[in-house]
Amino acid sequence: MCGLWGYEGAPTKAALIGKTSDRRPVGFSAILFIYTVFGNSLEFRRRHNTYYSTLSAYASMDPVGIVTSSEIVISQWLGTADRELIRRLPNVSPVLLDIESWRTMILEPYNRLGPGVYIVGAKIEDEGVVAVMERRKPMLRVVQPDNDRLGRGRS
């Protein structure tokens, strides 16, 4: 099992309180808390060409889309983070993510997002994107156009 930055095992106690080893950047020690809070049962699904790609709660550096007004920009997946942690990080901007469904436990069905409903993410400058969570559920934002950027029409 990989941790947030691809190293084996969960983050150390020193990393959680801001004292990091030389392997982990100091600015992201707050995000290391994600792994121990959300574990590995939270999953997100996004359409990747003709199949669904699964993103877990921790960083996999897999491609994930950021929805803009004119296109979908590809970035790297850094996992999930609580809303309160994201507010404390510098150089973070809110974005909408190209994710179609999510679930909290492996045995539960996926919660599909309807047309115009997006998961809120936070773009960390020059690093990638995290999904913003409020307690154990992702933050959602509703946008009102007839057809959304993911091609889901209103019926």
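Biologist: How do you know that β3 and β4 pair in this predicted model?

Modeller: Pairing takes at least two bridges. Five bridges join β3 to β4 (residues 72-82), so the two strands pair, and they run antiparallel. V64, for one, stands opposite S75 in β4, and a hairpin of four residues links β3 to β4.

Biologist: And what makes β3 and β5 a pair?

Modeller: That is the same cut-off, at least two bridges. Two bridges join β3 to β5 (residues 92-97), so they count as paired, again in the antiparallel sense. In β5, I66 has L97 as its bridge partner.

Biologist: Why is β3 called mostly covered?

Modeller: Buried means under 20% relative accessible area. Four of the five residues in β3 (63-67) are buried, so the strand is mostly covered.

Biologist: Now D126: why is D126 called exposed?

Modeller: The cut-off for exposed is over 50%, and D126 has a relative accessible area of 72%, so D126 is exposed. You'll find D126 in the loop between β8 (117-124) and β9 (128-134). D126 and S75 are 51 residues apart in sequence and 9.3 Å apart in space, C-alpha to C-alpha.

Biologist: What makes β2 and β7 edge strands in the four-stranded open sheet?

Modeller: The sheet's order is β2-β1-β6-β7, with antiparallel pairing. β2 (51-56) and β7 (111-112) each pair on one side only, and that puts them at the edges.

Biologist: How do you know that β1 and β2 pair?

Modeller: Six bridges link β1 (residues 43-48) to β2, against a cut-off of at least two, so they pair, antiparallel. R46 has S53 in β2 as its bridge partner.

Key: Residues numbered from 1 in each chain as written. Predicted model: local features only at pLDDT ≥ 70, side-chain atom pairs only at ≥ 80, totals over all residues. Heavy atoms only, no water. Buried < 20%, exposed > 50% of the residue type's maximum accessible area, 1.4 Å probe, protein only.
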